[in-house]
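Dear colleague,

Please find below the structure that I am handing over to you. My notes on what was found in it follow directly after.

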Amino acid sequence: MSPAISSNILRLSPRPSQNPPQNHDDPTMSTSFWRDKNCVVTGASAGLGRALAEAWAQSGANVVLVARRADPLREFAAKLKEAGPGEVLPVVGDVSWQEDVERIRQTVAENWNRVDLLCNCVGRS
């Protein structure tokens, strides 16, 4: 790496003792921002997908939960329906299968007129 590039990187990095600035005026940090937003979250039965879906649902977003495992998905959907004001729609499916993707699209089309956020959290480790 050239000295010019490395010095620029160092200047952009905060000092370890500094806290990053908090932007309390950011509307996406407000729960009212998410109210009535329509979110589709794949990989929603575990991990990051589950955590994000839960946060958005509790903030008032409507959430389509997509996962391959039916039982954990349904249990999680039931929990979210009790916890937040938004609508929660579980869809058992694998996004690598066209038929399942079509079922997800159809669920969204039948219930909402738009998708505001698509969060794809599927993968294998």
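**The sheet and its surroundings**

Four strands form an open sheet in the order β3-β2-β1-β4, and their pairing is parallel. Strands β3 (88–92) and β4 are at the edges; each has a single partner strand, so one side of each is left without a neighbour in the sheet. From one strand to the next, the twist averages 15°. Please keep in mind that this is a predicted model.

Helix α4 lies across β2 and β3, and runs at about 175° to β3. Helix α5 (residues 98–111) packs on the sheet as well, where α5 touches β1, β2 and β3. The direction of α5 makes about 160° with that of β3.

Asparagine 62 is placed in strand β2, which covers residues 62–67. Is asparagine 62 buried or exposed? Its relative accessibility is 12%, and because the limit for buried is under 20%, asparagine 62 counts as buried. Leaving aside residues up to four places away in sequence, asparagine 62 touches Asp36, Lys37, Asn38, Cys39, Gly86, Glu87 and Trp112.

Alanine 78 belongs to helix α4, which spans residues 70–83. With a relative accessibility of 38%, alanine 78 counts as partly exposed, since this class lies between the limits of 20% and 50%. How far apart are the C-alpha atoms of alanine 78 and proline 90? They are separated by 9.2 Å, and the two residues are twelve residues apart along the chain.

Valine 122 is found in the segment after β4 (117–120). At 43% relative accessibility, valine 122 also counts as partly exposed. Which residues make a nonpolar surface patch with valine 122? The patch is made by Val95, Val101 and Val122, and has an area of about 180 Å².

Yours sincerely,
A colleague

How values were computed
Residues numbered from 1 in each chain as written. Predicted model: local features only at pLDDT ≥ 70, side-chain atom pairs only at ≥ 80, totals over all residues. Heavy atoms only, no water. Helix = DSSP H or I, 4+ residues; strand = E, 2+ residues; numbered from the N terminus. Buried < 20%, exposed > 50% of the residue type's maximum accessible area, 1.4 Å probe, protein only. Patch = residues over 30% accessible without salt bridge, like charges linked within 9 Å, V, L, I, M, F, W, Y side chains within 5 Å. Areas by Shrake-Rupley, 256 points an atom, 1.4 Å probe, with all protein chains shown as cover. Salt bridge = Lys/Arg side-chain N within 4 Å of Asp/Glu carboxyl O. Contact = heavy atoms within 4.5 Å. Pairing = 2+ DSSP bridges. Axes fitted to C-alpha atoms, helices over the stretch in contact; angles between N-to-C directions.
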